Each structure stands twice: as structure tokens, then as C-alpha cells.
Amino acid sequence: MERKPVIFGNGNGQRAPFESRIGLLFCSLVRIVMIAALMTTATGNAAETGLHNLIRVSDRIYSGAGPEDEADFDAIRKLGANTILSVDGARPAVDAAHAKGMRYIHVPIGYDGITREQAAQLSQAMEDTTGTIYIHCHHGQHRGPAAAALAWRLSSDCSVTSATEVLKQAKTGKDYKGLWAAMNMEDLPALRREHPTLVETAKVADLAARMVLIDNAMDRLDEARKAGWTAPPNHPDVDPAQEALMVQEHFHEIGRMNDSKFQEDFHRWREQAEGLAKQLREDLKTNNTTSAATHYGDLRQSCRSCHTAHRDNRR
Ligand code: HEC
């Protein structure tokens with residue numbers, strides 16, 4: 001079902017349970033009004049200012065790519081936003097936001113889903129602020145829309161169906177299963193009662209922490225490999241292609257860390273590892289187990305090579 005990226009339908013394609021249908025109806029009405037109001041404005045802004053993947057999620061929430069320059073901050077301000085919420089791992093440009101009279105809230109999330117702790121922060125962000133909030137990750141396609149849709153659910157009790165519709169509109173990758181699953185998060189009232197403290201710049205996973213996550217995903221891949229590239233018997237929920245995608249994304253995010261202590265050859269190893277994880281994922285999606293075995297072996301070798309060069313012989 002193709003729709004213009006900025007505009008939302010009402011998500012009525014699927015039946016929802018009675019109580020969520022009331023929410024759905026309400027959300028639908030809001031959206032129908034918004035469609036009329038935004039047909040010109042949001043589309044126009046996106047085209048004029050280069051805010052990529054801009055979508056309006058609700059009367060208070062926009063989702064889009066991370067602001068890169070002053071013009072982007074101006075564009076966000078022009079949307080009426082007084083708060084920017086980043087779910088990206090990069091350090092938010094807090095000063096640039098302040099200069100335009102906006103506040104930042106930082107709730108970094110992973111590509112594997114949204115934890116209840118993070119969801120409680122999204123809820124608090126909606127409660128702590130009034131007016132329009134711009135939610136972004138890096139490209140505005142996967143993590144950002146998921147956080148925006150969940151923030152919408154948390155602040156309005158919209159149905160799972162409506163929240164899921166946001167991800168469809170944003171063209172969030174189907175492979176990011178954890179992000180889609182987050183739309184079904186249960187017991188939202190408990191999250192609303194938590195009231196966590198919000199920060200403008202959160203601590204994010206450093207290289208060592210990312211390596212641990214990569215290592216865990218590689219262990220699950222190894223179990224899947226031993227099970228003939230299917231879910232291992234003791235972990236039926238493991239999806240090998242999904243694990244490869246997470247490894248790929250972690251290596252990608254390491255590349256965005258901007259740490260000057262990493263020299264050029266570090267990034268060559270990193271790029272190679274990211275590329276191998278991507279190839280492995282494609283093998284697994286196409287059930288090419290022979291190629292998967294090769295790329296898995298190459299990926300393991302790239303871990304060793306980079307560790308020899310950059311970890312184990314550090315002076
Ligand atoms: C581009 C270089 C590079 C590649 C590729 C790489 N690593 Fe690492 N890894 C490092 C560096 C550097 C450290 C040390 C980080 C630190 O201590 O700050 C590290 C540390 C680790 C650690 C120890 C984390 C800790 O607790 O301190 C694990 C485990 C690890 N890597 C697993 C892997 C696996 C598995 C792969 C392959 C899928 C891999 N790494 C690929 C550079 C790399």
C-alpha cells in the first residue's frame with residue numbers, strides 16, 4: 001500500500017480489539033484533520049529544508065532524520081517544535097538546539113528494540129513537555145519512527161495497529177523485528193508511573209560495550225550455524241538473519257563514533273566486518289548456507305585480525 005510519506009492514513013485496514021478501536025477511531029480523526037492541515041506545510045518544509053524522512057506522527061510528534069546543520073535546526077523550529085528528542089547514539093548538538101530556543105532529550109536506543117526503561121523515558125518526555133516534539137535517530141527510518149510511534153501510544157493510548165502504521169509509513173525495515181515488536185509493549189500504565197529522570201546527553205555504549213553486544217550476537221549465530229542455520233533448539237526465538245543484521249549495525253555505529261584514536265586501518269577492518277555481516281545476512285535471507293558458512297568464517301577472521309592490530313598489541 002503506497003502512500004505519500006508525510007501523510008498518514010487511519011490504519012483501519014486491520015480489525016483491532018474493541019477498546020483499541022476507540023483509540024484508533026480517535027487517532028484516525030486526529031489524523032484525518034492533520035492530513036488536511038499538513039498536506040502543504042510538512043511536505044513543503046521537508047522539500048525546502050532537507051529534513052529527511054520527515055513524518056508527522058500525531059498532533060504533538062514529528063519524526064525525521066537527525067539535524068545536521070543550522071538550517072535543519074531552523075526547520076525543526078519552524079515545525080513548531082520546542083523539544084528535540086534523540087534516540088541516536090551520537091552526542092546531541094545541545095548548544096545548537098539551545099541557540100534556537102529548543103531543549104534536547106536524549107534516550108539512545110538500539111536497533112534490536114526498545115526496553116521498558118527506555119519506553120518509560122519516552123513516556124516521561126511526553127509528560128514533561130508541552131507543545132511539539134521532534135524525535136530523531138540518524139536517518140529517521142528505523143529507530144526514530146519506532147520511538148515516535150511508541151511515544152504516541154504512551155501519550156495517547158493509540159492502538160498497536162495505529163502505532164504499527166507509523167512504522168509502515170516510515171518504511172522501517174521489516175528485519176528490525178525488535179522495533180516492530182516494541183509497538184506491542186504491554187502494561188503501559190506501569191511505564192507511566194515510573195517517572196525516570198531525563199537528560200540532554202545520555203551515556204552511550206562505548207567501543208568495548210558494543211564489542212560485547214557483537215560478541216553475544218556472534219555466539220547466537222554460532223549456535224544457529226551448528227543447527228544448520230536455523231533457530232537453535234534451546235533458543236527457538238533466535239533468528240540468524242536478524243542477529244547478522246545487529247552485528248552489521250553495531251559495526252556501522254562504531255564507524256560513527258568519530259574517535260580520533262582510531263586510525264584509518266581500524267576503519268578499514270571495521271568496514272570489512274560490517275560488509276561481511278551484511279553479506280552473511282543476505283546469505284541467510286536467501287538460504288544460501290554454503291555462502292553463509294564462508295562469510296561467517298571470514299567475519300570471525302576479521303575479528304581476530306582487527307584484535308591483533310588494535311587490541312592485543314596496544315602499547
Ligand atoms: C575494527 C576492529 C575490530 C573488529 C573488526 C572487531 N573488534 Fe572486537 N575489539 C576491538 C577493540 C579495539 C577492542 C578493545 C576495546 C576496548 O577495550 O576499548 C575490542 C574488544 C572486543 C571484546 C572485549 C570487550 C570487553 O569486554 O572489553 C570482545 C568480546 C570483542 N572485541 C569481540 C569481537 C568480535 C566477536 C568481533 C567479530 C565479529 C570483533 N570483536 C571485531 C576491535 C575490533
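**Helix packing and the ligand shell**

Trainee: Which word describes α9 and α10 relative to each other, roughly parallel or roughly antiparallel?
Mentor: In this predicted model, the axes of α9 and α10 (residues 240-255) cross at roughly 160 degrees and come within 9 Å. Angles over 145 degrees count as roughly antiparallel. The two helices, α9 and α10, are therefore roughly antiparallel.

Trainee: Is the crossing of α9 and α10 left-handed or right-handed?
Mentor: The angle and the distance between axes are what describe two packed helices. Handedness is a further point, and for α9 and α10 the crossing is left-handed.

Trainee: How many residues in the contact of α9 with α10 are nonpolar?
Mentor: From α9 the contact includes Leu207, Met211, Ile214 and Leu221, and from α10 it includes Pro240, Val247 and Phe251. Charged residues take part too, among them Arg210 of α9 and Glu243 of α10. By class there are four charged residues, one polar and, as nonpolar, 13.

Trainee: Which element gives the largest share of the shell around the ligand?
Mentor: Of the 19 residues around the ligand, those that come nearest are Met211, Cys303, Cys306, His307 and Arg311. Two or more residues of the shell come from each of α9 (207-226), α11 (264-285) and α12 (289-310). The largest share, seven residues, is from α9.

Trainee: How far from a nitrogen atom of the ligand does a polar side-chain atom of histidine 307 lie?
Mentor: His307 is among the residues that come nearest to the ligand. The distance from its polar side-chain atom to a ligand nitrogen atom is 2.8 Å.

Trainee: How many residues of the shell around the ligand are charged?
Mentor: Twelve residues of the shell are nonpolar and three are polar. The number that are charged is four.

Trainee: Which word describes α5 relative to α6, roughly parallel or roughly antiparallel?
Mentor: Helix α5 (residues 143-156) packs against helix α6 (residues 160-170) at about 160 degrees, with the axes 9 Å apart. That angle makes α5, relative to α6, roughly antiparallel.

Trainee: How many residues in the contact of α5 with α6 are charged?
Mentor: The crossing of α5 and α6 is right-handed. Pro145, Trp152 and Arg153 of α5 and Val160, Ser162 and Leu167 of α6 are among the residues in contact. Nine of the contact residues are nonpolar, one is polar and, as charged, there is one.

Trainee: At what angle do the axes of α4 and α5 cross?
Mentor: Leu122 and Met126 are among the α4 residues that meet α5, where Leu150 and Leu154 are among the partners. The crossing of α4 and α5 is right-handed. The axes of α4 (residues 116-128) and α5 come within 9 Å, and their crossing angle is roughly 65 degrees.

Note on methods: Residues numbered from 1 in each chain as written. Predicted model: local features only at pLDDT ≥ 70, side-chain atom pairs only at ≥ 80, totals over all residues. Heavy atoms only, no water. Axes fitted to C-alpha atoms, helices over the stretch in contact; angles between N-to-C directions. Helix = DSSP H or I, 4+ residues; strand = E, 2+ residues; numbered from the N terminus. Parallel < 35°, antiparallel > 145°, perpendicular 65-115°, else oblique. Left-handed = near helix turned anticlockwise from the far one by under 90°. Contact = heavy atoms within 4.5 Å. Near = heavy atom within 4 Å. Polar contact = N/O pair within 3.5 Å; in protein donor to acceptor, adjacent residues only side chain to side chain.
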